[in-house]
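With the structure open in your viewer, please follow the selections below in the order given. Each stop names what to select and then describes what is found there.

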Amino acid sequence: PALIRWGVVTNLFDDNAFCFQKLSKQPNGYKVNFMRTQKISVKNMVCNRCIRVVREELAKLSLSVVDVRLGCVEIGEVNDETMTQIRHVLEENGFALIDDEKARIVEKTKIIIIDLIRNGQMHGMRINLSSYLSEAIGKDYHTLTSWFSETEQTTLTRYVALQKVERVKELLEYGQLNLRQIVAEVGYSSVAHLSNQFKYLTGCSPSVWKSNPNPARKPLDQVT
């Protein structure tokens, strides 16, 4: 059986799908051509710029790109030779194909965490982060933390803290919010909580970091 929704036919028994490739007018109506598609998981896609770069690079290979989202690309079905080309062009641009299920789940976890932090959703969450991640990904939190540590060589808790600190750095650099406002934006419990974690992970207070003429920041995909 298949579901038809918004021009996409999704097979219920696997990850592949059929999507509209072409709609052409015929004497007795319209003819719809379908193409079989496949989804690939991509590591280090953490922002909208990443989406744009991946889409542009795949288009250069003359691929049928159906959809590009953080961590996931849907393209027309390709052979092994073309997949090797895709792997190569992704690696040239700082990305990587994900073939392992554990790595795929970990990458999805990272994307969710980054999205929550950078969109100000950590503050006022109705459930704690562990429950949120478990529900969003469909894995118990113990499994998530175990796979994360095994794959990333750091704990999930530390990764969240590091991403929050990088967001604080960014907001400090913008200079549009005071420290109390940043606390609410990033999801800290207090100014003291933010300051203590910031100093523990960076070696200096937020004010000292901001006063540095060349304050150090990390790209989101290099935060570990």
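Begin by selecting Gln-176, which in this predicted model sits in the loop that runs between helix H6 (156-174) and H7. If neighbours within four places in sequence are set aside, the residues in contact with Gln-176 are Leu-171 and Gln-181.

Next, step back into helix H6 and select Arg-167. Is Arg-167 buried or exposed? Its relative accessibility is 10%, and because buried means under 20%, Arg-167 counts as buried. Display the side chains of Arg-167 and Glu-170 together, and you will find them joined by a polar contact of 3.2 Å. Then show what else surrounds Arg-167: not counting residues up to four places away in sequence, Arg-167 touches Ile-117 and Arg-118, and also Glu-185 and Val-186.

For the last stop, select helix H7 (residues 179-186) together with helix H8 (residues 191-202), whose axes lie 9 Å apart and which pack at an angle of about 85°. Because angles of 65 to 115 degrees count as roughly perpendicular, H7 is described as roughly perpendicular to H8. To see the contact itself, show Leu-179, Arg-180, Ile-182 and Val-183 on the H7 side, and Val-191, Leu-194 and Ser-195 on the H8 side. Coloured by residue class, the residues of this contact of H7 with H8 divide into 5 nonpolar, 1 polar and 1 charged.

Key:
Residues are numbered from 1 along each chain as its sequence is written. This is a predicted model: local features need pLDDT of at least 70, side-chain atom pairs count only at pLDDT 80 or more; totals for chains, interfaces and linings use all residues. Side-chain values use heavy atoms; hydrogens and water are left out. Axes are lines fitted to C-alpha atoms, for helices over the stretch in contact, and angles run from 0 to 180 degrees between N-to-C directions. Helices (H or I, at least four residues) and strands (E, at least two) are DSSP runs, numbered from the N terminus. Angles under 35 degrees count as roughly parallel, over 145 as roughly antiparallel, 65 to 115 as roughly perpendicular and the rest as oblique. Contact means heavy atoms within 4.5 Å. Ala, Val, Leu, Ile, Met, Phe, Trp, Tyr, Cys and Pro count as nonpolar, Asp, Glu, Lys and Arg as charged, and the others, Gly among them, as polar. Buried means under 20% relative accessible area, exposed over 50%, partly exposed in between (1.4 Å probe, protein chains only). A polar contact is a pair of N or O atoms within 3.5 Å; within protein, one must be able to donate a hydrogen and the other to accept it, and residues adjacent in sequence count only if both atoms are side-chain atoms.
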